[in-house]
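Take a moment with the sequence and the model before reading on. Start with the overall fold, then move to the details.

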Amino acid sequence: MVRFLSYLVAACLAVAAAAESEVVTLTSDNFEHETQVATGATTGDWFVKFYAPWCGHCKKMAPAWESLAVELKEGGLVNVAEVDVTGNRALGTRFEVKGFPTLLYFTKGTMYKYQGPRELEALTKYANGGYKDTAGSPVPGEPSIVDEFKKAFTQIFSSITYYLKNPGKVKENEWGFLAAGLVIGTVFCSFIFMTFTMMGPAPPPPTKPKSS
């Protein structure tokens, strides 16, 4: 009974802490609307932590990230947020997140990757202008259907090319998958081609021959 009550109190405290958190939770659905990082428009600068729930380093720096959000909110110039990449893989792909935590600072259409100590003092200094001493890169735009098609086609083509050059790497039970990939890839490409053809401008009507 005592143990149950301890778990219940801990759960209540966790819920209360989450409710009072100044860290903004971003997802694939609200990321661009909230941040407008691609346009650098009206919502200010954003310091975003891309994390995974199982990451020990992410858990260790969580208190510092919460304190940073409180401190920067008082200044009113920088928004502090986080993205669970395991549930929002499209954002991880868009911003080329390859390790956790990845900390990116967004300002006026440019993003900077933070690589310093994961401590409050260092993080605060970076957000208050320290990012200007590091190299930035343009914020990648939201992927379009064309970008997704190109990516899928590249992956399929790369896999097929690899197996054709290294047939010894293909196990007997993988030949069926390779053949299926060829068929699916062909059908997919044909579908996309027909879709874009149909979306294109209509051909001009035929001209009538002049009567003599």
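The paragraphs below go from the whole chain to the sheet, then to the helices and the aromatic rings.

This is a predicted model. The protein chain holds seven helices and six strands. Follow the chain along its sequence and the pattern reads α-β-α-β-α-β-α-β-β-α-β-α-α. The chain has 212 residues, and 27% of them count as buried. Now look at contacts in the chain with a separation of 6 or more. Residues 24 or more positions apart account for 70% of these.

Turn to the sheet. In what order do its six strands lie? The order is β1-β3-β2-β4-β5-β6. The sheet is open, and its pairing is mixed. β1 (24–26) and β6 (136–138) stand at the edges. Each has a single partner strand, so one side of each is left without a neighbour in the sheet. Neighbouring strands are turned by 30° against each other on average, direction ignored. Strands of a sheet pair through backbone hydrogen bonds, either parallel or antiparallel.

β1 pairs with β3 (residues 78–84) in the parallel sense, over three bridges. Here L26 stands opposite V83 of β3. On to the pairing of β2 with β3. These two strands run parallel and are joined by seven bridges. Within this pairing, K49 stands opposite E82 in β3. Is β3 largely enclosed or open to the outside? Five of its seven residues are buried, so β3 is largely enclosed by the rest of the structure.

Next, the helices that lie across the sheet. Helix α3 (residues 56–75) lies across β2 (45–51), β3 and β4 (102–107). Its direction is at about 165° to β2. Together, β2, α3 and β3 make a β-α-β unit, and this unit is right-handed. Helix α5 (residues 120–127) lies across β2, β3, β4 and β5 (110–114). It runs at about 160° to β5.

Now the aromatic rings. How many aromatic pairs does a search of the whole structure find? It finds 14. One of them joins F47 and Y114. This pair is edge-to-face, with 6.1 Å centre to centre and 75° between the planes. It links distant parts of the chain: F47 belongs to strand β2 and Y114 to strand β5, 67 residues apart. Are F47 and Y114 buried or exposed? Both are buried.

Another edge-to-face pair is made by Y126 and Y131. Their rings lie 6.5 Å centre to centre, with 65° between the planes. Y126 is buried, and Y131 is buried as well. The residues of these two pairs belong to one aromatic cluster, which is formed by F47, W65, Y105, Y112, Y114, Y126 and Y131.

Where does the charged end of K49 sit? It sits over the ring of Y51, 5.3 Å from the ring's centre.

Note on methods
Residues are numbered from 1 along each chain as its sequence is written. This is a predicted model: local features need pLDDT of at least 70, side-chain atom pairs count only at pLDDT 80 or more; totals for chains, interfaces and linings use all residues. Side-chain values use heavy atoms; hydrogens and water are left out. Two strands pair if DSSP finds at least two bridges between them. Helices (H or I, at least four residues) and strands (E, at least two) are DSSP runs, numbered from the N terminus. Axes are lines fitted to C-alpha atoms, for helices over the stretch in contact, and angles run from 0 to 180 degrees between N-to-C directions. Contact means heavy atoms within 4.5 Å. Buried means under 20% relative accessible area, exposed over 50%, partly exposed in between (1.4 Å probe, protein chains only). A crossover is right-handed if, with the strands pointing away from the viewer, the path from the first strand over the helix to the second runs clockwise. Rings of Phe, Tyr and Trp (its six-membered ring) pair if their centres lie within 6.5 Å; planes under 30 degrees apart count as stacked, over 60 as edge-to-face and the rest as tilted. A charge sits over a ring if NZ of Lys or CZ of Arg is within 6 Å of the ring centre and within 35 degrees of the ring normal.
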